[in-house]
Amino acid sequence: MPHQEATLAAKTLPFTHEQIAAIVERHPTPFHIYDERGIKENARRLKAAFRDVYGYNNYFAVKALPNPYIMRIVQQEGFGADCSSLPELLLAEKVGITGEQIMFSSNDTPAEEFAKAKQLGAIINLDDLSHLDFLERTAGLPDLICCRYNPGPLKQGNVIIGKPEEAKYGFTREQLFEGYRIARDKGVRRFGLHTMVASNELDPRYFVETAAILFDLAVELNRALGIRFEFINIGGGIGIPYRPEQKPVPYEVIARGVREAYDATIVPAGLAPIKLFTECGRVVTGPYGYLVTRVRHLKHIYKDYVGLDACMANLMRPAMYGAYHHITVLGKESLPHDHKYDVTGSLCENNDKFAIDRMLPEVEPGDLLVIHDTGAHGYAMGFQYNGKLRSAELLLRENGEVVQIRRAETPEDYFATLDFAGLATFR
């Protein structure tokens, strides 16, 4: 069975109970651990699926897993970086990702971020019509401009990103025509077109439909303004099967549908070639990350609770979205799942729960649990509320070696930005 199917459909693990028991002797729980082999093989599948789509590249969404070791892995597989802030731009620069291998897609953007993106030679993807003037005044217009389209009611969103017409992102259709006209008249000669209207979507037809909308729009913009597009970025949002019964999105179905829509619209309009980009993060690394945590306490009141040494500071998605993450109790995989638990952390918030009414084998203090599919929007969404310290990140190398790629935070880190020296004279 291919690695992706084994990891996703059956919810197997790339390590054994014995291996994790040895790792926790050197790296205390909780920690996130990422599977290098899985990430690489998955990246290659994505590229292979789109091999017949002209100029295809994926810009890895740094926000999904902002760690330089992970970014180096996807860079070596040929991916660029999709950045949305100054620290993400700086992180890409430190990894050696520069120039048009960076897609800078931000919103409510400060001047210094536009300036850094321009200095790096990144593709600047504007989020609002007013940003054209702001960019020109603060950093100067680059030779290449991309604009983010919000299709409004023409396109259905989903639960994470919401309805497009209620989202804060992007240009309306009318604003797009005005924005590209202004950019053209100010001397911009290279153009891209972008949208992003869903997150964690499992229906491959959704992305084909998105591409078709953008292809039609590119033709209309060309006819109205005489501009030609170098690339079209259909965004990210390809989902992963968090639940064991769900299936991975077939990359080939998306690629084939995109190619057919391209041949039906772009080619007859005489606009070929136009490169096709995506900005997937979750689907690249999400299935290959695991939060390893230990049972600290059991609590039996009106319900039965499993209290872990991790909390929602380590994985916010279940509390924020009600998201499902599969849980394996190491060493008890074959035992009957006949106990119903809420699996919780120690944060002083009642929604600090990784699972509600989850059927698991009987759990005991000291058991090691693995929470699956934390390789995207896991560590990245961490925080320090309640004085919680963020965990370490580990990488399981292809050769079986385990390396620490981010140390756990300490109380000294938590206090580092406070001025205790001035406290003595504070009245």
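**Backbone geometry, barrel and cores of the predicted model**

Pro-273 is located in the loop that runs between α10 (251-265) and β9 (275-278). In this predicted model, the peptide bond from Ala-272 to Pro-273 is cis, with omega near 5°. Pro-30 lies in the loop between α2 (17-26) and β1 (31-35). Most peptide bonds are trans, and most residues other than glycine have a negative phi. Against this background, Asn-200 has a positive phi of about 55° although it is not a glycine; this residue is found in the loop between β7 (190-195) and α9. Asp-357 likewise is not a glycine and has a positive phi of about 55°, but its place is in strand β14 (residues 353-360). The relative accessible area of Asp-357 is 40%, so the residue is classed as partly exposed, a class that lies between the limits of 20% and 50%.

The barrel is considered next. It is closed by 8 strands in the order β2-β3-β4-β5-β6-β7-β8-β9, with parallel pairing. From one strand to the next, the twist averages 25°. Within this arrangement, β2 pairs with strand β3 (residues 80-83) in the parallel sense over 3 bridges, and Phe-60 stands opposite Ala-81 in β3.

Strand β4 (residues 102-105) contains Ser-105. This residue has a relative accessible area of 13% and is therefore buried, the cut-off being 20%. Beyond residues up to four places away in sequence, Ser-105 touches Asp-82, Cys-83, Ser-84, Asn-125 and Glu-279. With Asn-125 there is also a polar contact of 2.9 Å between the two side chains. Ser-105 and Ile-232 are separated by 127 residues in sequence, and their C-alpha atoms are 14 Å apart in space.

Asn-67 occupies the loop between β2 (57-61) and α4 (68-76). Because its relative accessible area is 0%, Asn-67 counts as buried. A polar atom of the Asn-67 side chain lies 2.9 Å from the backbone nitrogen of Tyr-69. When neighbours within four places in sequence are left aside, the contacts of Asn-67 are Leu-91, Glu-393, Ile-405 and Arg-406.

The 14 residues of α3 should span 20 Å at 1.5 Å a residue, and the end C-alpha atoms are 20 Å apart, which agrees. The buried residues of α3 are Glu-36, Gly-38, Ile-39, Lys-40, Asn-42, Ala-43, Leu-46 and Ala-49.

In soluble globular proteins, nonpolar side chains tend to be buried together. The largest nonpolar core of the model has 83 residues, and those with the most contacts inside it are Phe-50, Ile-70, Tyr-180, Leu-193, Phe-215 and Phe-229. Helix α9 (residues 204-225) gives the most to this core, namely 10 residues. Ile-70 is in contact with Tyr-34, Ile-39, Phe-60, Leu-65, Thr-285, Leu-395 and Ile-405, residues up to four places away in sequence not being counted. A second, separate core consists of 16 residues, including Val-306, Val-329, Tyr-341 and Leu-369.

Leu-369 also belongs to strand β15 (residues 368-371), both faces of which are covered. Leu-368 and Val-370 lie on one side of β15, Leu-369 and Ile-371 lie on the other, and all are buried. Strands of a sheet pair through backbone hydrogen bonds, either parallel or antiparallel. Strand β10 (residues 289-300) pairs with β15 in the antiparallel sense over 4 bridges, and Arg-294 stands opposite Leu-368 in β15. Strand β12 (residues 327-329) is joined to β15 by 3 bridges, and these two strands also run antiparallel. In β15, Leu-369 is the residue opposite Val-329; Val-329 and Leu-369 are both among the residues of the second core.

Terms used:
Residues numbered from 1 in each chain as written. Predicted model: local features only at pLDDT ≥ 70, side-chain atom pairs only at ≥ 80, totals over all residues. Heavy atoms only, no water. Buried < 20%, exposed > 50% of the residue type's maximum accessible area, 1.4 Å probe, protein only. Contact = heavy atoms within 4.5 Å. Polar contact = N/O pair within 3.5 Å; in protein donor to acceptor, adjacent residues only side chain to side chain. Core = buried A, V, L, I, M, F, W, Y, C linked by side-chain atoms within 4.5 Å. Expected span 1.5 Å × (residues − 1). Pairing = 2+ DSSP bridges. Axes fitted to C-alpha atoms, helices over the stretch in contact; angles between N-to-C directions.
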